[in-house]
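Hello,

Here is the structure I promised to pass on to you. Please have a look at it first, and then read my notes below.

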Amino acid sequence: MSAALGAVMGLAPHVLHHAGLIAGAALVTGAGGNLLFFALGVVFSIPLLRRLFRRFHTWKAPAIALVVFAAMFSLSAFVIGPALTGRSASDPAPTPGPNSVPTTTVPADHGEHHSG
């Protein structure tokens with residue numbers, strides 16, 4: 001069950017772009033997307049945290065698990081993600097002008113993964 005849930009969470013950003021490029025991108029980019037997926041990760045880990053508490057009869061085991069989760073999430077969001085996208089974590093997000101229209105670029109081979 002947890003592996004299936006992890007797979008769904010991993011695929012969520014890709015699947016969301018099918019709801020609309022701009023809507024999906026608005027949900028999963030930047031600080032808002034990081035906060036959203038961090039919160040979802042904490043919520044979905046509640047059953048695991050409860051089992052840890054019942055097994056060890058102390059709050060320390062769930063607290064350690066949350067610290068490990070936060071560290072791994074931070075590594076992914078602030079180191080691995082920017083390395084893959086070519087932006088550093090300290091780069092400011094581009095600010096649109098007052099009359100600008102949001103645009104997206106779709107790679108030429110993007111449609112290949114949609115065909116069966």
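A term to start with: a residue is called buried under 20% relative accessible area, exposed over 50%, and partly exposed in between, using a 1.4 Å probe and protein chains only. Please keep in mind that this is a predicted model, where local features need pLDDT of at least 70, side-chain atom pairs count only at pLDDT 80 or more, and totals for chains, interfaces and linings use all residues. Residues are numbered from 1 along each chain as its sequence is written, and side-chain values use heavy atoms, with hydrogens and water left out.

The overall picture

The protein has five helices and zero strands (helices are DSSP runs of H or I with at least four residues, strands are runs of E with at least two, and both are numbered from the N terminus). Of its 116 residues, 12% count as buried. The protein exposes about 8,900 Å², and 71% of that comes from carbon and sulfur atoms (areas are from the Shrake-Rupley method with a 1.4 Å probe; for residues, only the protein chains shown count as cover).

Helices α4 and α5

Helix α4 covers residues 46-56, and its axis comes within 7 Å of the axis of α5, crossing at roughly 145 degrees (axes are lines fitted to C-alpha atoms, for helices over the stretch in contact, with angles from 0 to 180 degrees between N-to-C directions). Leu49, Leu52, Phe53 and Phe56 of α4 make the contact with Ala61, Pro62, Ala65 and Leu66 of α5 (contact means heavy atoms within 4.5 Å). In the loop between these two helices sits His57. His57 has a positive phi of about 55 degrees, although it is not a glycine, and it is exposed at 67% relative accessible area.

A nonpolar patch

Ile64 belongs to helix α5, residues 60-85, and is exposed, with a relative accessible area of 56%. Together with Val68, Met72, Leu75, Phe78, Val79, Ile80 and Leu84, Ile64 makes a nonpolar surface patch of about 810 Å². Patch residues have over 30% relative accessible area and no salt bridge; like charges are joined within 9 Å, and nonpolar side chains (Val, Leu, Ile, Met, Phe, Trp, Tyr) within 5 Å. A salt bridge is a side-chain nitrogen of Lys or Arg within 4 Å of a carboxyl oxygen of Asp or Glu.

Phe44

Phe44 is in helix α3, residues 30-44, and is partly exposed at 39% relative accessibility. Leaving aside neighbours within four places in sequence, Phe44 is in contact with Leu5 and Met9.

Best wishes
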